[in-house]
Amino acid sequence: MTPATTDAGKACAAILLALCAGGCALGPSAGDAVTRGPLSDAAILPPWHEAANDPAGGKGVELTVVEADNLADFHGDATHAELVLYVAGNSFFAMPPLTKAFERAYPAWKGRIYFETLPPGILARQLANGGTITVGNMTWTAKPDVFMAGLAGVKTLVDQGGLRAPLVSYATNDLAIMVAAGNPKRIAGLADLGRPDVRLAMPNLVTEGVSRQIQASLVKAGGEALRATVYEGKVAAGSAFLTQVHHRQTPVWILQDKVDAGVVWQSEIVFHRQIGHAVEAIPIPAAQNTVESYSAAAVAAAPHPDAARDWLAFLQTPEALAVMQGYGFKAVAPRP
């Protein structure tokens, strides 16, 4: 790890500590929950694809234990991969059909794909760290070929030289409020998130790029006062909890009745309803919403540039867009 990377890690830790001054937690404890009904851990916790999210050509000894040994955001065989993708975690559910469609179009890469679905801030730190990451007791290196995230983040990395132009924008997404089925708190919009009785799961400000869009929408809905209430006052008071691994934690905490609501991309609510989770969407009107443009670019030092080229070309095809639209993503508006 370089000194610069170490400093960046310390800075992120310092920001998290500052956000938590006053006793906030990064996640609600079990004692905060009032259980709605008997839901098993297996029904609530990831992975949610029953190994369908693993693009490796050959599987190893199976060991997946919910809440004990479960690497839900790492997919495939990093050792033998010939296409390594860093993917902003909020589209993790689209990656299994997307990679399968890619393998049909480019069979040479079948079974040779590895991808990670983490918050883009963490992926950017991993990129700067040479592709090395540590989870629990394991450290491994997966040098990426393509980086996929929001337009602003990808453009920044292109400008900094970590990624190579041109970048490809391949889908857009809108924000929505995720609540439990039936909306027991009667949340009608963003302004209700400031209510003292509404417990929140909110993406953290350090690693999750969506927090910028959410803050912008809060300001549109209720000015700086609403943004400060949600991201400062309620965090300090312990009624808003910051997610650590993108929005994967938001539906879990809602289903466990540890929180009442959380702002996510609307596509995530589509996915969770598809797999039978008892959540629903409270739409955010266009005047208050903030649209994201999902973009990708090849890594400047990509180990597999040919595979990166093929993946970027595939993202611009009708087949790729059809997969994304199945989860509520929208097409990118044509440029003049």
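Is Asn-183 buried or exposed? The views below are taken from a predicted model.

**View A. Asn-183 sits in the loop between strands E8 and E9.** Strand E8 covers residues 175-180, and strand E9 covers 200-203. Asn-183 counts as buried because its relative accessibility is 10%, and buried means under 20%. The side chain of Asn-183 reaches the backbone oxygen of Ile-187 at 2.9 Å. Leaving aside neighbours within four places in sequence, Asn-183 is in contact with Glu-280 and Ile-282.

**View B. The largest nonpolar core has 56 residues.** Leu-85, Leu-98, Ile-177, Leu-193, Val-263 and Trp-311 have the most contacts inside this core. Helix H6, residues 210-237, gives the most to the core, with 7 residues. A second, separate core has 21 residues. Among them are Ala-88, Ala-142, Leu-157 and Val-158. In soluble globular proteins, nonpolar side chains tend to be buried together.

**View C. Leu-98 and its contacts beyond the sequence neighbourhood.** Neighbours within four places in sequence are left aside. Leu-98 is then in contact with Trp-311, Phe-314 and Leu-315, and also with Ala-320, Val-323 and Met-324. Both Leu-98 and Trp-311 are listed with the most contacts inside the largest core.

**View D. Helix H4, residues 120-128, has buried residues Leu-123, Gln-126 and Leu-127.** These residues lie on the same side of H4, because they cover an arc of only 100° around the axis. An α-helix has 3.6 residues a turn, so residues three or four places apart point the same way. Gly-130 follows H4. The phi of Gly-130 is positive, near 75°.

Technical notes
Residues are numbered from 1 along each chain as its sequence is written. This is a predicted model: local features need pLDDT of at least 70, side-chain atom pairs count only at pLDDT 80 or more; totals for chains, interfaces and linings use all residues. Side-chain values use heavy atoms; hydrogens and water are left out. A nonpolar core is a set of buried Ala, Val, Leu, Ile, Met, Phe, Trp, Tyr and Cys residues joined through side-chain atoms within 4.5 Å. Buried means under 20% relative accessible area, exposed over 50%, partly exposed in between (1.4 Å probe, protein chains only). Helices (H or I, at least four residues) and strands (E, at least two) are DSSP runs, numbered from the N terminus. Contact means heavy atoms within 4.5 Å. A polar contact is a pair of N or O atoms within 3.5 Å; within protein, one must be able to donate a hydrogen and the other to accept it, and residues adjacent in sequence count only if both atoms are side-chain atoms. The arc is that of the directions from the helix axis to the C-beta atoms.
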